[in-house]
Amino acid sequence: MKKMIAGFGIFLIFMAACTLISKSVYAYRLPMVTTLCPESKYVEHTVEAEGLVIAGGEKPVTYLPGFRIASMPVRVGDRIEEGDVLFRIDLEDLEEMMTKKEEEISKISLQINTILENQAIAEQKKELELARAREDYDTTARIQDTQVGRALENYVQAENELEEDLNGEDKEQKSALQNAAYGEADAKAARDEAVKQAERRVEDILLPENVSSDLDSAQMELSGLLTERKELQQIKDGQGIVTAPFGGVITQILVGTGGRIPDTAVMLISDESLPCQLKVTLDKEQKKYISPGDSISVKLEGQSGELEEKVAYLAESREAAEKYEALVELPKEMGTPGVSGSISRKEQGEKYRLCLPPAALHESEKQYYVYVLKQREGILGEEYYVDMVNVKVLDKNDSWAAVEEGVLDGESRIIVSSTKEIRKGETVRWESS
């Protein structure tokens, strides 16, 4: 009996040892997780962004359009002073332009000479026509006066013959006198009409010629061509060198070597009468915490300290989708276009009762969730397992994420790390802190 009791005791000890070993092996294979409970925190936000200093304003550098640029020793970002060389005109191309200009001048000069010769010929024709018209007028007047004189003689003769007929009984004499009177009247009327027509022809010739602008237009065109030829010659005399009309920093070059100068601008140079600006690009999240008029810290490359300035402008970027551009006006005479700089701004934000590290958050199909450590009875006694809880994120930064109260409380054990990948309902080991 004693042996049986001793043997049973040994068996129980063996079974307990096996159970302990099995439980240890089982527990060893489980993922080890660490947890923390939600904390009450202020969710602060820090916006940091880098950018470049740009000119507060720009002035264009223009030049006569059409010239080809042979070389350009300057680049964007270069600081230039008044009189510095900006670019050089292609002299071979300039010679071709001058040749064409001479051809245009010769052509318009020939056109002007032709117009002047035609005007001289027309004037001669008019003088000849006027002389002939006046001669015709004199001849017509003379001939018509003769006709009137003859008609008058016939009338006088008829009147005399009637007077010789003392009794006045000769009816034929009376008829002749009447016809002579009609003839005189008709002759005077014919004379007046013929003289009037001859006089009108003289008047028509003396009228001014129709006004023509051909000569004036041609002369104006010639004057313009001569001015252009003079400008081309001046450029040639200056070896095609074009210098800066004022000083500043080159912000844009709108045409390069080999291109032709447009009728707008060759390049843009900063307007040093206006203060520079720092231009930075923000994303949607950063834009939430910056508004026009906000005070921000500014750090410029090459400057030892920071500046406290205000956001002067904030708008959606025209260069990048879903980005925003902010402009910060710098103190006058500070900053050079092209120099890098950065901004920073901190906002304390609101205080939330349930805050978690961002590492504790998971996301699937735009839904946030967390893994929560819970307890249950298992085959080896009480054990820990993983539960998945959907949460609504109210606010977050790089350090904390605030979640809505209700499904979680301050005692919830939120899993923040695991030695293996975990899933909902899986048994785990808990490394208590």
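The structure is predicted. Its mean pLDDT is 86, and 91% of the residues reach 70 or more. Six strands close into a barrel. Helix α2 has 74 residues.

**Confidence**

- Where pLDDT is low, the predicted coordinates should not be read in detail.

**The barrel**

- The strand order is β3-β11-β14-β13-β12-β15, and the pairing is antiparallel.
- On average, neighbouring strands of this sheet are turned by 40° against each other, direction ignored.
- Start with β3 (residues 45-54) and β11 (residues 277-282): four bridges join these antiparallel strands.
- Look for L278, which stands opposite V328 in β14.
- Strands β12 (residues 295-300) and β15 (residues 340-347) pair over four bridges, again in the antiparallel sense.
- In that pairing, K299 has S342 of β15 as its bridge partner.
- In a regular strand the side chains alternate between the two faces of the sheet.

**R345, a buried arginine**

- R345 sits in strand β15.
- R345 counts as buried because its relative accessibility is 19%, and the cut-off for buried is under 20%.
- A polar atom of the R345 side chain lies 2.7 Å from the backbone oxygen of Y289.
- The backbone oxygen of S295 is also within reach of the R345 side chain, with a polar atom 3.4 Å away.
- Leaving aside neighbours within four places in sequence, R345 touches H45, T46, V47, Y289, I290, D294, S295 and I296.
- Of these contacts, H45, T46 and V47 fall in strand β3, while S295 and I296 fall in strand β12.

- Helix α2 covers residues 91-164.
- From its first C-alpha to its last, α2 reaches 109 Å. That is close to the 110 Å expected at 1.5 Å a residue.
- D90 caps the N-terminal end of α2. A side-chain oxygen of D90 lies 3.1 Å from the backbone nitrogen of E92.
- An α-helix has 3.6 residues a turn, so residues three or four places apart point the same way.

Key. Residues are numbered from 1 along each chain as its sequence is written. This is a predicted model: local features need pLDDT of at least 70, side-chain atom pairs count only at pLDDT 80 or more; totals for chains, interfaces and linings use all residues. Side-chain values use heavy atoms; hydrogens and water are left out. Two strands pair if DSSP finds at least two bridges between them. Helices (H or I, at least four residues) and strands (E, at least two) are DSSP runs, numbered from the N terminus. The expected span of a helix is 1.5 Å times one less than its number of residues. A polar contact is a pair of N or O atoms within 3.5 Å; within protein, one must be able to donate a hydrogen and the other to accept it, and residues adjacent in sequence count only if both atoms are side-chain atoms. pLDDT is the predictor's confidence in each residue, from 0 to 100. Axes are lines fitted to C-alpha atoms, for helices over the stretch in contact, and angles run from 0 to 180 degrees between N-to-C directions. Buried means under 20% relative accessible area, exposed over 50%, partly exposed in between (1.4 Å probe, protein chains only). Contact means heavy atoms within 4.5 Å.
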